[in-house]
Amino acid sequence: MTSPLDRIDTTKAHSARVYDYILGGKDHYLVDVEAGDAMCRHWTSLPVHMLENRRFMHRAGRFLAQEKGIRQFLDIGTGLPTAPNLHEVVQEVAPESRVVYVDNDPIVLTHARALLQSTPQGATAYVDADMHDPDAILNSPEFEALLDVGEPVGLMIIGVLHFILPPDDRRLVQRLLDPLPAGSYLAMTIGTADFAPEEVGQVAREYARQNMPMALRDLPTTTSFFDGLELVEPGVTQVHKWRPGAAQRQVTDRDIAMYGAVARKP
């Protein structure tokens, strides 16, 4: 039987493993270290930027569980487990919450057990699939077993969309939203070069050189992804400015190359 480890290509950097390396994790390879180091030379704020993107996920998940009563979540592009994971955040608020994680990196699959340590009242599952194939996600046994599309769902697309190139990007987001009922929410972060164009542009070129092309989007383009949805205040902002709370660290706008927003499906 083929092991997920057999699918890992250690000759090419992978976005999840580069992210893990830059944030101080240990689940990466030399090629990911070299790519991450090159990116950080171009833009020294990259670790701060990545950390704030993850903090947005924590705040958005807690907001949906605590203030909007969402009890089931679909997390696209989960990445390597880094505590707290989404289920830990939302189950702290509501232990009965259910989370389906989705990623396509085999090294993430090998660590999926860390994503499955649910509370007894709730549940988690992991789907080995790619956002480019939304039907594989929506038709998976894990999705069908854990998520009730008769009740609102929190769709989390965090730190993924800049790796989804036009013209597929809008179609794929919409395909994931379509089966979710009214009252569901989309929480999404979208990469931008609006605040440090030279440095972030160099990082994007390094990603492309590592066979990970990305699309960086300005504010009007980012906002258009939420057309037809009801944006939650404060709307589309840099991720560190979205409901930051009193404990938010001091971060400058030039440190952050990610917009974020949460919106309700009417």
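This is a predicted model: local features need pLDDT of at least 70, side-chain atom pairs count only at pLDDT 80 or more; totals for chains, interfaces and linings use all residues.

Residues are numbered from 1 along each chain as its sequence is written, and side-chain values use heavy atoms, leaving out hydrogens and water.

Q: Why are α1 and α2 called roughly perpendicular to each other?
A: Helix α1 (residues 15–22) and helix α2 (residues 30–42) pack at an angle of about 65 degrees, with their axes 9 Å apart. Angles of 65 to 115 degrees count as roughly perpendicular (under 35 is roughly parallel, over 145 roughly antiparallel, the rest oblique), so α1 and α2 get that label.

Q: What makes α3 mostly covered?
A: In α3, 16 of the 21 residues are buried, and buried means under 20% relative accessible area, with exposed over 50% and partly exposed in between (1.4 Å probe, protein chains only).

Q: Why is Asn 211 called exposed?
A: Asn 211 has a relative accessible area of 57%, so it counts as exposed. Asn 211 lies in the loop between α9 (197–209) and α10 (219–224), and its phi is near 65 degrees, a positive value in a residue other than glycine.

Q: And why is Arg 243 called partly exposed?
A: The relative accessible area of Arg 243 is 34%, so partly exposed is the term for it. Arg 243 also has a positive phi, about 45 degrees, although it is not a glycine.

How values were computed:
Axes are lines fitted to C-alpha atoms, for helices over the stretch in contact, and angles run from 0 to 180 degrees between N-to-C directions. Helices (H or I, at least four residues) and strands (E, at least two) are DSSP runs, numbered from the N terminus.
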